[in-house]
Amino acid sequence: MLPMVLGLASATFISLAGAAYAAGDEKLAAALPEAVRSAGKLNVTISLAYPPMEYSDAGSTELKGFDIDLAKAIAERLGLTAEFQNVEFPQLIPQVVTGRSDLIMTAFSDKVERQTQLDFIDYFKTGNVFYSSADHQGEIKTETDLCGKTVAVATGTS
């Protein structure tokens, strides 16, 4: 399924950039596993902690972000509907390896140790960053300025 999704991701990016395409690609849809094709849906696991990639506004259940839009476009191209399951970050891999989800589409680093369990399509590159409140903008300019400060980090990620 990986080569099919790679081609689909490339085609989807072109489509998102403005090229027109017919809703649903029969050749790609035919390459799907029968269980996915017959279910008519693409089960997508996300972790809503990474705006602008995936998020929802306070008080809303509407999913937003680049990954949400891309997953919907891929599902549409396959003639499917995207269904999203929001899980805590440590549950992303178990969702896929146990078959509860078809894929992960969330801010998720392609790390060598994860490649033993998953196939990756690297469609976005980023790096680690740190943020501070506006109150500290004058005193924290580099990583070394964090020495002696209390910081918070996400667990289970890079």
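**Close-up 1. Four aromatic pairs turn up in this structure.** Keep in mind that this is a predicted model. A pair of aromatic rings gets described by how far apart the centres are and by the angle of the planes. Take Phe-66 and Tyr-123: their pair is stacked, with 6.3 Å centre to centre and 25° between the planes. These two partners come from distant parts of the chain, 57 residues apart, with Phe-66 in helix 4 and Tyr-123 in the segment after strand 3. Are they buried, exposed or in between? Phe-66 is partly exposed, because its relative accessibility is 31%. Tyr-123 counts as partly exposed too, at 25%.

**Close-up 2. Here are the rings of Phe-108 and Phe-120.** Their centres sit 5.9 Å apart with the planes at 10°, so this pair is stacked. Both residues belong to the segment after strand 3, so the pair ties together parts that are twelve residues apart in sequence. Phe-108 has a relative accessibility of 18%, and since buried means under 20%, Phe-108 counts as buried.

Close-up 3. What sits over the ring of Phe-108? That would be the charged end of Arg-114, 4.3 Å from the ring centre.

**Close-up 4. Strand 1, helix 4 and strand 2 build a right-handed β-α-β unit.** Strand 1 covers residues 41-46 and strand 2 covers residues 81-86. The two strands pair in the parallel sense, over six bridges. Helix 4, the helical part of the unit, takes in residues 66-77.

Definitions and conventions: Residues are numbered from 1 along each chain as its sequence is written. This is a predicted model: local features need pLDDT of at least 70, side-chain atom pairs count only at pLDDT 80 or more; totals for chains, interfaces and linings use all residues. Side-chain values use heavy atoms; hydrogens and water are left out. Two strands pair if DSSP finds at least two bridges between them. Helices (H or I, at least four residues) and strands (E, at least two) are DSSP runs, numbered from the N terminus. A crossover is right-handed if, with the strands pointing away from the viewer, the path from the first strand over the helix to the second runs clockwise. Rings of Phe, Tyr and Trp (its six-membered ring) pair if their centres lie within 6.5 Å; planes under 30 degrees apart count as stacked, over 60 as edge-to-face and the rest as tilted. Buried means under 20% relative accessible area, exposed over 50%, partly exposed in between (1.4 Å probe, protein chains only). A charge sits over a ring if NZ of Lys or CZ of Arg is within 6 Å of the ring centre and within 35 degrees of the ring normal.
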